[in-house]
Amino acid sequence: MAVSAALGIPLGLLLARARFFGRGLVVAIVYTGMGFPPVVVGLAVYLLLSRSGPLGFLGWLFTPTAMVVAQVVISLPVIAGLTMAAAEAVDPELALQLRSLGANPAQESRALLREVQPGVLAALLAGFGAIISEVGAAMLVGGNIDGQTRVLSTAIVLETRRGEFGLALALGGALLTLAFIVNAFLLRFQVAPRRLGG
Amino acid sequence: MTDPLFRLRGLRKSYGRGWSLRIDSLDVHRDQILAIVGPTGSGKSTLLRLLHLLEAPDEGTIEFDGRPVTYPVPVEVLRRITMVFQRPVLLRGTVLDNVRYGPLLRGRRDPEPARRALESLAMSHLAHARAFPLSGGESQRVAVARALVLASPVLLLDEPTAHLDPAHILVIERIIRSLRESRGTTTIIVTHHLLQARRLADRVALLLEGRLIEEAETARFFDHPDDPRASAFLRGDLVW
């Protein structure tokens, strides 16, 4: 999630603000990535990281690192795409009007970021949702190894297959609680009073 | 007469299809109210943006306060000029947040001047209202308050009363006059209302198709314009 946010937010802002050769292609890839079936992402990452794959020498398959790679591929387009949409929704005249009010370049950037903030938070929530609810890719590249790459979503699948519905439901409740806590934490930033200026 | 505050020479600005603005010579003097009139698309807003020094002309020179302008203009110089845009964009937050924004950028944290600016525009009751659901007229008044609170020596107004009712138009005109009297603010106002230009301005400039056709003291502009095209414009004849 942190990696996706660190890459996706700047990418989204760049795509919204800058005009460069190939931008259309990058936007198309981002939008396509937003609708990628996670299991297909898992398959692609699996093939990349498998022993005979081009990145097999890294030895990441069936490790938490492989799961992180898959989840970045899944959530990065979501965060970048929604951040871009939020930044494009900000009136292009605003930057000029901020300068007219006396903002220097740093103050102008901060104010513009503040205007984009609700959209960026929505992008982070959507990215987090894509990751936490994901099963297929985590299974494929992580292997669902007990104590190593088993996560809540893959554990729920396993326990359901075993017929341990009570445990599966309890894990589901834990997953929902975790999602609720993270969402509530992020939403605090959205509704907290904003300090202007500076 | 003292040196002009703005001295424009050989100014040309294009946005891709021919010249949007071609002004051979224009001086704007201190402590004056200059009204810029002309039909839609005549270059009035372009001229105002160039006078704001936020955009560079394609050709020609602008002198501001006796010095040639070089771009990008330092923020300290830009802060001497404040503009109210034709379509103001407000920041998220409250009306008071918006009016305080400019002073906060300058390290002035006292909210009182912002409150007084809102009060002068009869908007105190909206100080803590969210800025986004405001009507066009209210947004325009917030934008005027946002500019007033900065007390800049130069005020550029791009149709600041376009969405206002007559009572609020008079309030803003009164404020513009009092700023000139009390602070010596130089004001350049773009307006479609010839009567407003006549009521308010010391001098009036007419732009047609990006060219400065006539610039004169207000009474002379309206009563004895030199250029026949200015006479035709004042009569309301559409001769272009």
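Reply: Start with helix α5 of chain B, residues 136-148. The model is predicted. Helix α5(B) has 13 residues. From its first C-alpha to its last it reaches 18 Å, close to the 18 Å expected at 1.5 Å a residue.

Is this helix enclosed or open? Of the 13 residues of α5(B), 11 are buried, so the helix is largely enclosed by the rest of the structure. A residue counts as buried if 20 or more other C-beta atoms lie within 10 Å of its own. The buried ones are B:Glu138, B:Ser139, B:Gln140, B:Arg141, B:Val142, B:Ala143, B:Val144, B:Ala145, B:Arg146, B:Ala147 and B:Leu148.

What do these residues pack against? Their partners include two strands of chain B, β6 (81-84) and β7 (154-158). Three helices of chain B also take part: α3 (95-105), α4 (112-120) and α6 (166-183).

Now look at the loops beside these elements. The loop between α4 and α5 of chain B holds B:Ala122. Phi of B:Ala122 is near 55 degrees, a positive value in a residue other than glycine. B:Ala122 is exposed, with 12 other C-beta atoms within 10 Å.

Next comes the loop between β7 and α6 of chain B, where B:Glu159 is found. B:Glu159 is not a glycine, yet its phi is positive, about 45 degrees. Is B:Glu159 buried or exposed? B:Glu159 counts as buried, with 20 C-beta neighbours inside 10 Å.

One more loop deserves a stop. B:Pro72 lies between β5 (67-68) and α2 of chain B. The peptide bond from B:Tyr71 to B:Pro72 is cis, with omega near -5 degrees.

Step back to chain B as a whole. Chain B has 9 helices and 10 strands. The radius of gyration of chain B is 18 Å, close to the 18 Å that the globule rule gives for 240 residues, so chain B is as compact as a globular protein of that length. Along the principal axes, its C-alpha atoms fill a box of roughly 50 × 40 × 40 Å. Buried residues make up 42% of the 240 residues. Consider contacts in chain B between residues at least 6 apart in sequence: 67% of them join residues at least 24 apart.

Two partners of α5(B), β6 and α3, bring us to the other chain. Where does chain B touch chain A? In total, 23 residues of chain B are in contact with 18 residues of chain A. On the chain B side, α2 (75-78), β6 and α3 each supply at least two residues. The largest share, 6 residues, comes from α3(B). By class, the chain B side divides into 12 nonpolar, 4 polar and 7 charged residues.

Cross over to chain A and take helix α1, residues 2-17. Helix α1(A) has 16 residues and reaches 23 Å from its first C-alpha to its last, close to the 22 Å expected at 1.5 Å a residue. Its buried residues are A:Ser4, A:Gly8, A:Ile9, A:Leu11, A:Gly12, A:Leu13, A:Leu15 and A:Ala16. They pack against α2, α4 and α6 (105-132) of chain A.

How do two packed helices get described? The axes of α1(A) and α4(A), residues 64-89, come within 7 Å and cross at roughly 35 degrees. The crossing is right-handed. Residues of α1(A) in the contact include A:Leu7, A:Leu11 and A:Leu15. On α4(A), A:Val72, A:Ile79 and A:Met84 are among those that take part. This contact has 15 nonpolar, 6 polar and 2 charged residues.

Finish in a loop of chain A. A:Phe36 sits between α2 (23-34) and α3 (38-49) of chain A. With 16 C-beta neighbours inside 10 Å, A:Phe36 counts as partly exposed. Leaving aside neighbours within four places in sequence, A:Phe36 is in contact with A:Val41 and A:Ile74. A:Phe36 and A:Pro77 are 41 residues apart in sequence. In space, their C-alpha atoms are 9.2 Å apart.

How values were computed
Residues are numbered from 1 along each chain as its sequence is written. Chains are lettered from A and ligands numbered from 1 in the order in which they are written. This is a predicted model: local features need pLDDT of at least 70, side-chain atom pairs count only at pLDDT 80 or more; totals for chains, interfaces and linings use all residues. Helices (H or I, at least four residues) and strands (E, at least two) are DSSP runs, numbered from the N terminus. The expected span of a helix is 1.5 Å times one less than its number of residues. Two residues are in contact if their C-beta atoms, placed from the backbone, lie within 7 Å. Axes are lines fitted to C-alpha atoms, for helices over the stretch in contact, and angles run from 0 to 180 degrees between N-to-C directions. A crossing is left-handed if the near helix is turned anticlockwise from the far one by less than a right angle, and right-handed if clockwise. Ala, Val, Leu, Ile, Met, Phe, Trp, Tyr, Cys and Pro count as nonpolar, Asp, Glu, Lys and Arg as charged, and the others, Gly among them, as polar. The radius of gyration is taken over C-alpha atoms; the globule rule is 2.2 Å times the number of residues to the power 0.38.
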